[in-house]
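Here are my notes for your first reading of this model. Please keep the sequence and the 3D view side by side as you work through the points.

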Amino acid sequence: MSFLDRFAACSAPALDDFVPFVVAGKTVGLVGPDFGKALRDFPDTFAVGNGAIVLDPGLDTFEVRTEAVEQVLRKLAERGCRSGVA
């Protein structure tokens, strides 16, 4: 494998299918389509649609957000779901 082949294999994914991840009105990252679909199962934590994934605005402190997202990620890990976050 050439150096260029290795570089291409390690380069960032195409982000065309990724959607913004929004917290408190600010885009803080991007989420891939498969991971976004998995987040639909947690409507108390995430609103998925309209071209973005939005963390529930009712989760209004760092501690509350952290706890809610941790619970979702633990459940997804139990299912074997892998992250699609950039």
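1. Which side chain meets that of D41 in a salt bridge? The partner is R79, with N and O 2.8 Å apart, where a salt bridge means a side-chain nitrogen of Lys or Arg within 4 Å of a carboxyl oxygen of Asp or Glu. D41 lies in the loop between helix 2 and strand 3 while R79 belongs to helix 3 (residues 62–79), so the pair ties together parts that are 38 residues apart in sequence. Helices (H or I, at least four residues) and strands (E, at least two) are DSSP runs, numbered from the N terminus.

2. Before going further, please note that this is a predicted model, in which local features need pLDDT of at least 70 and side-chain atom pairs count only at pLDDT 80 or more, whereas totals for chains, interfaces and linings use all residues. Residues are numbered from 1 along each chain as its sequence is written, and side-chain values use heavy atoms, with hydrogens and water left out.

3. A search of the whole structure finds two salt bridges, and one of them joins R74 to E70, whose closest N and O atoms are 2.7 Å apart. R74 and E70 are separated by about one helical turn, because they stand four residues apart in helix 3. E70 is partly exposed at 30% relative accessibility, and D41 is also partly exposed, at 47%; here buried means under 20% relative accessible area, exposed over 50%, and partly exposed in between (1.4 Å probe, protein chains only).

4. T45 lies in the loop between helix 2 (33–39) and strand 3, and with 9% relative accessibility T45 counts as buried. Leaving aside neighbours within four places in sequence, T45 is in contact (heavy atoms within 4.5 Å) with V54, L55, D56, L59, A68 and V72.

5. Most residues other than glycine have a negative phi. A24, however, has a positive phi near 50°, and A24 sits in the loop between strand 1 (19–23) and strand 2 (26–31), where A24 is exposed at 58% relative accessibility. N50 likewise has a positive phi, near 55°, and is found in the loop between strand 3 (46–49) and strand 4 (52–55), exposed with a relative accessible area of 87%.

6. Finally, please find F7 in helix 1 (residues 3–10), where F7 is exposed with a relative accessible area of 55%.
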